[in-house]
Amino acid sequence: MENLLEIKNLKTYFYSENGVVPAVDGVSITIKKGETLGIVGESGSGKSVTALTAMRLTPGKVVEGSINFNGKDLLTLSDEAMRKIRGKEIAMIFQEPMTSLNPVFTIGNQIAEALKTHMNFTKTKANERAIELLELVGIPRPERIVKEYPHQLSGGMRQRVMIAMAMACNPSLLIADEPTTALDVTIQAQILDLMRDLKKEHNTSILMITHDLGVVAETCDRVCVMYGGKVVEESDVHEIFNNPKHPYTQGLLKSIPSLIDSEEETRLYSIEGNVPIPGTLRGGCHFAPRCEFAMNICHTEVPSYKEVATGHFSRCWLHEVEDEEVQNEANIS
Amino acid sequence: MKQTLVEIKNLKKYYSSKKSVLSRAVSHVKAVDGLNFSIFKGETLSLVGESGCGKSTTGRAILQLQPPTEGEVLFEGENLVGMNTGRMKKYRRNMQMVFQDPYASLDPRLTVGEIIAEPLKIHKIGSSKEKNQRVEELLDTVGLNSYHAKRYPHEFSGGQRQRIGIARALALNPKFIVADEPVSALDVSIQSQIVNLFQDLQERLDLTYLFISHDLSVVKHISDRVAVMYLGKIVELGDKKELFQNPMHPYTKALLSAVPLPNPDVKRERIMLKGDVPSPSNPPAGCSFHPRCSACMDICKTVKPEFTEMEGRFIACHLYQ
């Protein structure tokens, strides 16, 4: 499969009074056509900034790296050319459907805006298409909803409107930043179902940013785990859940209580310490202060990003140690 | 025999609003509409449900933070509803609350020590030296250090702030704690730390919890019994293990099946609910779940189902009557 988006060694830094904050620190990810890539991480891990940088919407400064989308380097495009891509070829769904819709325009107006700008639709044609799109995302009475304002809709309905807006110009890449976090579980199930159907129908690639491992397991083909501005592990979804290699991924998976196991656990596994605040991290592996396997080298030097199995990458000094052991054994025998 | 600590009888909380400034007609939002249940000593009872179902209002109405419209709350046999302020203050020592948002529930102008000592100050317990000692003890109990007492809330992370909120709730040695979504605002790796802390404290201090949450996997881990709420009513209440293994009410079934599992190899049959939760100001007639229910019968549209007991399980559904 062809790569649709290639982010290479991206570094987005924020410059504040208190010094430099490396929010994204050397991230490389690729998304193939028709694939759903999940980015998992806790607050401050840099997952949202990575996505916003790809849309060129971050206030931070891109210090290094390239973003290749369909053969174009998005970081060197003119503002004019970028505006043509944004909303047309790459669309985004935000976390808070309450705050990301404009309260003073009707739903129809907001969907039609993208159609008029990017597709040169006339007002009537754009309005017709808006109704079609609302129908596509499963909104009842679309001809009435187009005339309504965001405050008249429930949270789930607003998120459907956001999806309709994002899908208006049939984008080839959809970036969904925590699309269901603000929603209830039964509504979340509806929205995830809808996104899956749309992906199947239009072969859209999706970049799914979330902290919910359940959502990842259900929707993604491949997963990147981020910690402290770096990708620490990447693999296809089955490998990540069945055979996680990085201690952070392992800890994360162990710390969520299971809904289907009937056996009683009395205590949950928990990762010691706190989620690091961006800008306070020093050299070495960023997870080392919380890692139960941390060695001396972990605190001083950054581990390399290694392919531990086909298509399965992990950034941890343990893999180097394992390799050495294997080699020593080979030498002895 | 299990001892009842809190008994709730026909608890109702309505919010009324006038349709317009001049009109006489008053409409009611029935946030909590007739709850009956008991909380046993030493157990964790969880209230689960979607936003707007009335689970937080229930917690606040039990603690009399919002006076109930109707009904009784019996704490160790004594009715709290309508109790005068002086006597209520005495009872408040026994019941405390942990709030959802650790960023909004701590006063930014007080030091952590002052925040934790505030309940002691209000109830005039101990000299200042004793208070300081108690604060140190409490910080230690929740896994923080005594030097943290001199710092301000903004210097702490979300998980640490939630620990401070828990220390404050423990200051008066309560018997009963209402925890309203205490882990929802926290990161995954921090959530499990706080869940463990709740369980350790329960064991050590013999606490009883009403645990309000929408996260079903956390609820399954921490509870002894679970009550499922929908539009101001409890639709099902039962032993945790049995309820999760064999949900009976169609809403409980749908709710459990909607949770995405963190395992890509397990494929489950999902019961998709159509539409949104109806507004509590204008709930459907009969069973309020009937417009979204897959097993809806004619009777469901007109007659409200009774909340009845069946082999230790309480359920409000016509299918089982």
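Mentor: The UniProt annotation "domain: ABC transporter", from an unreviewed entry, covers residues 5-253 of chain A. The model itself is predicted. In residues 5-253 of chain A, 39% is helix and 28% strand, and the end C-alpha atoms lie 28 Å apart.

Trainee: What makes H6(A) roughly parallel to H7(A)?

Mentor: The axes of helix H6 (residues 155-167) of chain A and helix H7 (residues 185-202) of chain A come within 10 Å and cross at roughly 15 degrees. Angles under 35 degrees count as roughly parallel, so H6(A) is roughly parallel to H7(A). The crossing of H6(A) past H7(A) is right-handed.

Trainee: Why is H3(A) called roughly perpendicular to H4(A)?

Mentor: Helix H3 (residues 107-119) of chain A and helix H4 (residues 123-136) of chain A have axes that come within 8 Å and cross at roughly 115 degrees. The range for roughly perpendicular is 65 to 115, and therefore H3(A) is placed as roughly perpendicular to H4(A). H3(A) also passes H4(A) in a right-handed crossing.

Trainee: What is needed to describe a pair of aromatic rings?

Mentor: The distance of the centres and the angle of the planes describe such a pair. Over all chains, the structure holds 12 aromatic pairs.

Trainee: Why is the pair of Phe75(B) and Tyr91(B) called edge-to-face?

Mentor: The ring centres of Phe75(B) and Tyr91(B) are 6.4 Å apart, with the planes at 90 degrees. Centres within 6.5 Å make a pair, and planes over 60 degrees apart count as edge-to-face, so Phe75(B) and Tyr91(B) form an edge-to-face pair. Phe75(B) lies in strand E4 (residues 70-75) of chain B and Tyr91(B) in helix H2 (residues 85-92) of chain B, so the pair ties together parts 16 residues apart in sequence. Phe75(B) and Tyr91(B) are both buried.

Trainee: How do you know that the pair of Phe198(B) and Phe211(B) is edge-to-face?

Mentor: For Phe198(B) and Phe211(B), the centres are 6.0 Å apart and the planes stand at 90 degrees, so this pair is edge-to-face. Phe198(B) belongs to helix H6 (residues 188-205) of chain B and Phe211(B) to strand E8 (residues 208-213) of chain B; the pair links distant parts of the chain, 13 residues apart. Phe198(B) and Phe211(B) are both buried.

Trainee: Which residues do ring pairs link into a cluster?

Mentor: Tyr227(A), Tyr248(A) and Phe287(A) are linked in this way.

Trainee: How do you know whether Phe244(B) is buried or exposed?

Mentor: The relative accessible area of Phe244(B) is 12%. Buried means under 20%, so Phe244(B) is buried. Phe244(B) has its place in helix H8 (residues 240-245) of chain B. Phe244(B) and Leu216(B) are 28 residues apart in sequence, and their C-alpha atoms are 9.5 Å apart in space.

Trainee: Why does His318(B) count as buried?

Mentor: His318(B) has 11% relative accessibility, so His318(B) counts as buried. His318(B) is found in the segment after strand E12 (313-315) of chain B. A distance of 9.0 Å separates the C-alpha atoms of His318(B) and Cys296(B), which are 22 residues apart along the chain.

Methods
Residues are numbered from 1 along each chain as its sequence is written. Chains are lettered from A and ligands numbered from 1 in the order in which they are written. This is a predicted model: local features need pLDDT of at least 70, side-chain atom pairs count only at pLDDT 80 or more; totals for chains, interfaces and linings use all residues. Side-chain values use heavy atoms; hydrogens and water are left out. Rings of Phe, Tyr and Trp (its six-membered ring) pair if their centres lie within 6.5 Å; planes under 30 degrees apart count as stacked, over 60 as edge-to-face and the rest as tilted. Helices (H or I, at least four residues) and strands (E, at least two) are DSSP runs, numbered from the N terminus. Buried means under 20% relative accessible area, exposed over 50%, partly exposed in between (1.4 Å probe, protein chains only). UniProt positions are given in the numbering used here, feature names are shortened, and annotations may be inferred rather than shown by experiment. Axes are lines fitted to C-alpha atoms, for helices over the stretch in contact, and angles run from 0 to 180 degrees between N-to-C directions. Angles under 35 degrees count as roughly parallel, over 145 as roughly antiparallel, 65 to 115 as roughly perpendicular and the rest as oblique. A crossing is left-handed if the near helix is turned anticlockwise from the far one by less than a right angle, and right-handed if clockwise.
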